Structure formats: structure tokens, C-alpha cells
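Below is a short briefing on one protein chain. Look over the sequence and the model before reading the points.

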Amino acid sequence: MSDFRQSSTLISPTLDVMQSTTTFRIHPLTADQASHHRLAGGEIYIADSKPGYPCRRCLRDAEIGEELILVSHDPFERDSPYRSASPIFLHREECGNVVTETNVSGTHALPEQLTCRQLSVRAFDANAMMVDAAVIDGSVLATTIERLFGNDDARQLHIHNAGRGCWATTISRCP
Ligand SMILES: [Zn+2]
């Protein structure tokens, strides 16, 4: 039985901000970060449902039967009062690259792993201080990104599963 099973339905992102030009980049675990976690090891899970086991390296939910590890990951790049580590799943073996650059009106959809869940989206400035935050349905993630990046101080968005607090990914504004 998965501790992280989700009951939400699968919903595509609503790309209804068609005049936006904000381009942003999604930062899943890097290959080095994933290797570090895999070498350090963690609790091993075998996916018994889908969705339910979201891998933070490839940004897809594991297929039933795939092996994952549950580890603690700190997404911060500098010290901050907000700095903390969060639980994350990742595939036990290397699982490949993902599309990491998109925009709210463009050709790439946000990963379904994000848009099908309730999310907490926290905006941080260049000093890793929180400047805004929202709890949303993932179906409105695109418009939420647009709104939060409307604040020029917002440099990065940290996205977590709203319920269990798992770090999902970090999003930065493209220069
Ligand atoms: Zn993966």
C-alpha cells in the first residue's frame, strides 16, 4: 500500500493565458543529485498503483512494478530560514531526461505529475526568502506560475505536494 497514493483525477493544465511571454525552466533532480541519493540509499518501494509514486528525476509517475527509493532532498541552493529537506521518490535506476523548459502559452505542457495533484507553490527571491505562496489545484499551475512571476522579486518557485509535503520540482524564470 502506498503512503503517497493520490486520489486526484488526471487533469490537463489550463493554458488560458495566451498572451503571456513568460518562459520558465523546470529543474527536476539532476543526474548528479539522483546518483547521490541512489548511492546513499533509502527505503525501497515497488509501485503498486499509478499515479502514486512520482519520480522527481524523470517527472513521471512510476509504472506499476517499477522500483523507487524514498529519500530526503533539500532543494535549496543557499542558506535561508526556510531551508528544509523534503521526502521524495525517485526511480532506483537512472530513468532519463525530461523536457525542462516551457512557457505558459507555448508548446510544451507541464508534466502531468504536477498538474494532477494539489500543490503548494512557494516563491523565493534571490536571497531564498519567501515572497509569496499559494495552495492550488495542479490544473491551474500554469496560471499560478505566471501570477507569481509577475512579482519581479520572485526568482524561483518551489513546488511541493500540498498534502504530504513532498518536494516536486523547482521552477526558475528564464533570463
Ligand atoms: Zn524516474
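Predicted model: local features only at pLDDT ≥ 70, side-chain atom pairs only at ≥ 80, totals over all residues.

Which residue in strand 3 is the bridge partner of Glu43? The bridge partner of Glu43 is Leu70.

- Three strands make up an open sheet, with the order 2-3-4 and antiparallel pairing.
- Strand 2 (43–46) and strand 4 are the edge strands, and each of them pairs on one side only.
- From one strand to the next, the twist averages 35°.
- Four bridges join strand 2 and strand 3, which pair in the antiparallel sense.
- Helix 1 (residues 31–40) lies across strand 3 and strand 4. Its direction is at about 105° to strand 3.

**Ala47, a loop residue**
- Ala47 is found in the loop between strand 2 and strand 3.
- Why does Ala47 count as buried? Ala47 has 22 C-beta neighbours inside 10 Å, and a residue is buried if that number is 20 or more.
- In sequence, Ala47 and Glu66 are 19 residues apart, but in space they are 5.6 Å apart, C-alpha to C-alpha.
- Leaving out residues up to four places away in sequence, Ala47 touches Gly52, Tyr53, Ala62, Glu63, Ile64, Gly65, Glu66 and Leu68.

**The largest nonpolar core**
- The largest nonpolar core contains 32 residues.
- The residues with the most contacts inside this core are Leu68, Leu90, Ile145, Leu148, Leu157 and Ile159.
- Two or more residues come from each of these elements: strand 1 (23–27), strand 3 (67–73), strand 4 (86–91), strand 6 (118–124), helix 3 (141–148), strand 8 (156–161) and strand 9 (167–173).
- Ile159 touches Leu114, Leu119, Val121, Ala168, Thr169 and Ile171, when residues up to four places away in sequence are not counted.

**Helix 3 and its buried side**
- Which residues of helix 3 are buried? They are Leu141, Ala142, Thr144, Ile145 and Leu148.
- These residues lie on the same side of helix 3, because they cover an arc of only 165° around the axis.
- An α-helix has 3.6 residues a turn, so residues three or four places apart point the same way.
- The buried residues of helix 3 are covered by elements including strand 1, helix 2 (112–115), strand 6, strand 7 (130–137), strand 8 and strand 9.
- Ile145 and Leu148 are among the buried residues of helix 3, and they are also among the residues with the most contacts inside the largest nonpolar core.

Notes
Residues numbered from 1 in each chain as written. Core = buried A, V, L, I, M, F, W, Y, C linked by C-beta atoms within 7 Å. Buried ≥ 20, exposed ≤ 12 C-beta atoms within 10 Å, placed from the backbone. Contact = placed C-beta atoms within 7 Å. Pairing = 2+ DSSP bridges. Axes fitted to C-alpha atoms, helices over the stretch in contact; angles between N-to-C directions. Arc of directions from axis to C-beta.
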